[in-house]
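Please consider the sequence and the structure together. The paragraphs below move from surface charges to a sheet and back to its charged residues.

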Amino acid sequence: VVTIANVYEESLGTKLTRLVLGNASKINAEVTEISGLKQAMALEYLDVQGMTKINSLDLSNHQYFKTLKAMGSGVSSVSFAKGAPVERLELPATMRVLSLTQLPYLTADNIVLENVANLQNINISACPNLSNDFDFIYDWYTKKTSSDTTCSLIMDAVDWQNVDVEKFIELAKIANLSLKGK
């Protein structure tokens, strides 16, 4: 366990904006959690690359968060603060569910998945730059390893002008499909 709980002081708050714990070229199977992460509310950048025992990250208190580097880690779930200025996500092959809500600056070009084929469920809500770029969804659909009956795709604010009708018809095979747009 890595403890950063002391980065927060009641009267001063916290100034920690960048936390690098991982290393892309080294595996760390010792650290299982980051204690005190919730208190680092000014955090903008987190690197947990190669940390195979960290399974989830709760960044829902981090209103300033911008970048997560988690390639080669054990992270299978991550939550972000609604409205956070998230700009870049580098996610590991262990990700099965990608749930993104109210992330106005995140674009599909800045979501890097170590293995997009492992994703089973995608839920995108109130992320205008993602809802307007269906290429990310098509890429996932063509590479996914799970059957259509076990997958889920939920999106709102879809810009239908950018949707290829033939590709859209393919998506209709997904068991849990909900696409709402304008």
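Is Lys173 buried, partly exposed or exposed? Lys173 is partly exposed, because its relative accessible area is 47%, where buried means under 20% relative accessible area, exposed means over 50%, and partly exposed lies in between (1.4 Å probe, protein chains only). This is a predicted model, in which local features need pLDDT of at least 70 and side-chain atom pairs count only at pLDDT 80 or more, while totals for chains, interfaces and linings use all residues. Residues are numbered from 1 along each chain as its sequence is written, and side-chain values use heavy atoms, with hydrogens and water left out.

Side chains of opposite charge can pair when their charged atoms come close. The structure holds six salt bridges, each defined as a side-chain nitrogen of Lys or Arg within 4 Å of a carboxyl oxygen of Asp or Glu. One of them links Lys173 to Glu170, with the closest N and O atoms 3.2 Å apart. Glu170 is partly exposed, with a relative accessible area of 37%.

Another salt bridge lies within a helix. Lys143 and Asp139 both belong to helix α2 (residues 135–143), where they are four residues apart, about one turn of the helix. Helices (H or I, at least four residues) and strands (E, at least two) are DSSP runs, numbered from the N terminus. The closest N and O atoms of Lys143 and Asp139 are 2.9 Å apart. Lys143 is partly exposed at 45% relative accessibility, and Asp139 is partly exposed at 29%.

The sheet comes next. Five strands form an open sheet in the order β2-β4-β6-β8-β10, with parallel pairing; two strands pair if DSSP finds at least two bridges between them. The edge strands, β2 (18–20) and β10 (111–113), each pair on one side only. Strand β8 (residues 88–91) runs parallel to β10 and is joined to β10 by three bridges. Leu113 in β10 is the bridge partner of Leu91.

Within strand β6 (residues 67–69) lies Thr67, which counts as buried because its relative accessibility is 14%. Apart from neighbours within four places in sequence, Thr67 is in contact (heavy atoms within 4.5 Å) with Glu44, Tyr45, Leu46 and Arg88.

Arg88 leads back to charge pairing. Arg88 forms a salt bridge with Glu90, the closest N and O atoms being 2.9 Å apart. Arg88 is partly exposed at 28% relative accessibility, whereas Glu90 is buried at 11%.
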